[in-house]
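Hello,

Here is the structure we talked about. Please load it first, then read the notes below.

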Amino acid sequence: MSNKMHIKMNVNGEEQEFLAEPRELLIHTLRERLDITGPHIGCETSHCGACTVTIDGKSVKSCTMFVAQANGKDVTTIEGLGGPDDLHVLQSAFKEHHGLQCGFCTPGMITRASKLLEENPNPTEEEVRFGMAGNICRCTGYQNIVKSILAAASELQAAKEAAE
Amino acid sequence: MKDEVTTREDRVEALGGMGCKRKRVEDARFTQGKGNYVDDLKLPGMLFGDFVRSPYAHARIKSINIDKAMAVDGVVAVLTAADLEPLGLHWMPTLAGDKQMVLADGKVLFQGQEVAYVVAKDRYAAADGVELVEVEYEELEVLTDPFAALESDVVLREDLQGDGNGLPDGAHGPRKHHNHIFYWEAGDKEATEQVLEEAEVVAEETVYYHRTHPCPLETCGCVASMDKVNGKLTLWGTFQAPHAIRTVVSLISGIEEHNIRVISPDIGGGFGNKVGAYPGYVCSVVASIVTGVPVKWIEDRMENLMTTAFARDYWMDGKISATKDGKITGLWCHTTADHGGFDACADPTKFPAGFMNICTGSYDIPVAYLGVDGVYTNKAPGGVSYRCSFRVTEAVYFIERMIEVLAIKLNMDASELRKINFIKKEQFPYKAALGWEYDSGDYHTAWDKAMKAVDYDGLRAEQAQRVEDFKAGKTRKLMGIGLTHFTEIVGAGPVKNCDILGLGMFDSCEIRIHPTGSAIARLGTISQGQGHATTFAQILATEIGLPADSITIEEGDTDTAPYGLGTYGSRSTPVAGAATAMAGRKIRAKAQMIAAYLLEVHDDDVEFDVDRFVVKGAREKFKTMKEIAFAAYNQAIPGIEPGLEAVSYYDPPNMTYPFGAYVCVMDIDVDTGVTDIRRFYALDDCGTRINPMIIEGQVHGGLTEALAVALGQEIAYDEMGNVKTGTLMDFFLPTAWEVPNYETDYTVTPSPHHPIGAKGVGESPHVGGVPCFSNAVNDAFRAFGLTHTHMPHDHWRIWKTANELGLHG
């Protein structure tokens, strides 16, 4: 057959191993090969951020990364952040503050925000706006997204202080 | 149950009905990555379709060779017009009464036009196949300018030229040139021109509303699955009007409508992009019929921007007359509308220019004329209503610019000019000069509230000081104050004058109450982010007295939902929302009879009270709706059928007319053209407010799409017909970094003809926002002699304006 590569990666805590053409885009690997459909495809040019995932601790737009580049890496998607029994603070905050409408950008938005709050646990509004500028939302006008992220930051800080 | 001790307020709160900030029920799945969008669908054996598209804007197709593509491993079929022709599917009807090529039939009329459809086992093989389809083109002269097109000898639509005995009529009457589509008019041309001739003051301006695109984050797509055993076609897709799509598919394919099931799953934003029928849908259906397996087609972003559903592209020549003291006496508008290669506007049949004749706006204008000429050019087809009712953003932008232009001519304050001319509260219902009857409004109250909230006089004083400082060399930043008072016309619409492809624009709701007091309601609409599952349940909670949390709302499946015309033009709340309330009232009427039977009194002796029926004069005697629901299923009540269900088809008696007062305060750096929005105040009056949280979210989003359109977003072509804005690199979508915080406010003027008084809100902020941002830019330069400059006001164009005004020294 064609020049398929042996790929190994850890996705949301599970080891995955398969053969793939090196040109396969990571977003297609996730969505079509692994049935992880939380990350979406909005632009195919790295502009919109709907496909944002976390790879080895960094926010990455999976629509412009070949699966070959993700070989051996740890990948986290929205599905790995939290589910019905263990919602991530951001997942609750987005609902609480009406930080989403059509929901298409939301998985990428929350995945990116989770990294932002790790990089900067106590951001100002301006830092949130700058840190989220790689993720486009067509519905909300961002006001409630920013509000959701700031609220989540406060909650995480309060929890951290309570633990100390 | 301890109903006896709970207060009425507690019972109201427990319902989560109209007026409360109910959290959205949709959010759990979206925040956990469990939405179900069309591209998430995966069926056994599913194939992928992908298009070969024309690189030329106008060319004849000499030949198509598919041999190399067919040799690609994984490619199953390549369809061309020649394959579709025997089925009669190489062309399809458009919503505007025109027809459109599904696959290029002899020639192409715009860059990106669909030429061949490659079907393959996965999307990579399909893309490989597309690369290898060999098409030989002969380039033809390209027409991208509508005015030039009307003069040119070049014939764009050879199929519409008749047999040599004169130009055949179009769908909307006689055509005056081979590239002309229609002429449509409203009002009284002669009387208006007479008034203009005799007027004390006339202001004139050409206002161009540039071509742009709705660009929802999810592109268009579908999965077609033909079950040859049962003869059933299932079509999942990004459809804002699933029932209308079912009817269209039936009409063009010949498959009986009961054998077609159309499903709109979760939709990642629509904004008008997903109203129409596109070649991708037709080709996918044909490919599934041919191959016998499901076929998926998903646009990429470039295809989306280049081919499906542009918006605007209206050249509006305006004249507005007034007395010297500012009373408007007449309005004249002639519009040249660039429709591209096919007229695929999504407008009600009788309105080829949509509701552009709402262009007298919020003002009491005694006489007016509007004429619109539609023109073919070598651009993509469309003309959809991008976050607005049909062509309403064009109308509002036009009148709100003309008011500013008139204010300059009169040397009058633009707020004062508006106040002098607003339709007064006591004039409603108000019959406008161009035909519409506005249902309700209280413009002066809204305006005064807005002016007070922003300290308008203080802003003007600050602006005057800024001009002084600028002239004195103390600052390089100017200050613009953008004002807008908009009146929308939404909720299409009354069947007597609104239809699409002959389908009356009513909408519907069907309710089933379950024995234990919960319910499901199905509607003919489909949410694309508006939160219908949340808000329609709130309407019902208030109407039928069951908690919103116990009511499931289902939309988008034509096998289960009653027929409806879908979601666009802010019609869901005005039309389907009304149907929901009316169906709820049918439930309540039957519940009243059941309650009376249970309470052993006459029907007239019980009355509805929040969540129950009580005996008049003896309120301690009551039956809750929950109890009544169970009784409907377990009691043999004389003269009443078992069960508790209702359906309502609502044909609205009139449109609704939401309005609002917006103010934008903007600083502009004269040397860079960079704009800084210091403040944006938006007062919306959408009548009765169902969910303030969702309304506010709609306003934020609509304003941001308005900011985009006003300050940079456009679909631009070069003279060869090449699209210059085909990716998000060039097509402006604002990020969190470019967007300000908005201040929202409201007044409440209910619609008198709507069952709950609601008017719709989703599009108001876009319609009002565009002129408000644009007026702010224009206003900043008013002191330096600028009357009008075209959108989009990107940094380069603003710099150029400043330069032309001599502000760069």
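This is a predicted model: local features need pLDDT of at least 70, side-chain atom pairs count only at pLDDT 80 or more; totals for chains, interfaces and linings use all residues.

Some layout for chain B. Domain 1 covers 3-35 + 507-650. Domain 2 covers 38-142 + 219-267 + 275-307. Domain 3 covers 310-492 + 655-804. The centres of domain 1 of chain B and domain 2 of chain B, taken over C-alpha atoms, are 41 Å apart. Their contact draws on 20 residues from domain 1 of chain B and 19 residues from domain 2 of chain B.

How many salt bridges are there between domain 1 of chain B and domain 2 of chain B? The count is three. For a salt bridge to inspect in chain B, take D557(B) with R261(B): the closest N and O atoms are 2.6 Å apart. Polar contacts between domain 1 of chain B and domain 2 of chain B come to 12 residue pairs, both residues at pLDDT 80 or more. On the side of domain 1 of chain B that touches domain 2 of chain B, the classes are seven nonpolar, nine polar and four charged residues.

**Aromatic pairs**

A search of the whole structure gives 37 aromatic pairs over all chains. One of them is F506(B) with Y563(B). This pair is tilted, at 6.4 Å centre to centre and 50° between the planes. F506(B) sits in the loop between β23 (503-504) and β24 (507-513) of chain B, and Y563(B) in the loop between β26 (551-555) and α16 (572-599) of chain B, so the pair ties together parts that are 57 residues apart in sequence.

**Domain contacts in chain A**

Chain A splits into domain 1 (5-81) and domain 2 (89-163). Their centres, over C-alpha atoms, are 22 Å apart. The contact takes 20 residues from domain 1 of chain A and 13 residues from domain 2 of chain A. The two domains of chain A bury about 1,200 Å² between them, and carbon and sulfur atoms give 58% of it. H40(A), I78(A) and L81(A) supply 37% of the area that domain 1 of chain A buries against domain 2 of chain A, more than any other three residues.

The salt-bridge count between domain 1 of chain A and domain 2 of chain A is zero. Polar contact is found for seven residue pairs across that interface, both residues at pLDDT 80 or more. On the domain 1 side, β3 (52-55), β4 (58-61) and α2 (78-81) of chain A each supply at least two residues. By class, that side has seven nonpolar, 11 polar and two charged residues.

**Chain A against chain B**

Now the interface between the chains. Here 51 residues of chain A are in contact with 53 residues of chain B. The chains bury about 4,500 Å² between them, 53% of it on carbon and sulfur atoms.

Seven salt bridges cross the interface of chain A and chain B. K23(B) forms a salt bridge with E96(A), with 3.7 Å between the closest N and O atoms.

Which helices of chain A supply at least two residues each to the side that touches chain B? They are α1 (26-33), α2, α3 (89-96), α4 (106-119), α5 (125-131) and α6 (143-163). By class, the side of chain A that touches chain B has 21 nonpolar, 17 polar and 13 charged residues.

Best wishes

Notes:
Residues are numbered from 1 along each chain as its sequence is written. Chains are lettered from A and ligands numbered from 1 in the order in which they are written. Side-chain values use heavy atoms; hydrogens and water are left out. Domain bounds come from an automatic or database domain assignment. Contact means heavy atoms within 4.5 Å. A salt bridge is a side-chain nitrogen of Lys or Arg within 4 Å of a carboxyl oxygen of Asp or Glu. A polar contact is a pair of N or O atoms within 3.5 Å; within protein, one must be able to donate a hydrogen and the other to accept it, and residues adjacent in sequence count only if both atoms are side-chain atoms. Ala, Val, Leu, Ile, Met, Phe, Trp, Tyr, Cys and Pro count as nonpolar, Asp, Glu, Lys and Arg as charged, and the others, Gly among them, as polar. Rings of Phe, Tyr and Trp (its six-membered ring) pair if their centres lie within 6.5 Å; planes under 30 degrees apart count as stacked, over 60 as edge-to-face and the rest as tilted. Helices (H or I, at least four residues) and strands (E, at least two) are DSSP runs, numbered from the N terminus. Buried area is the accessible area (1.4 Å probe) that two parts lose on being put together, summed over both.
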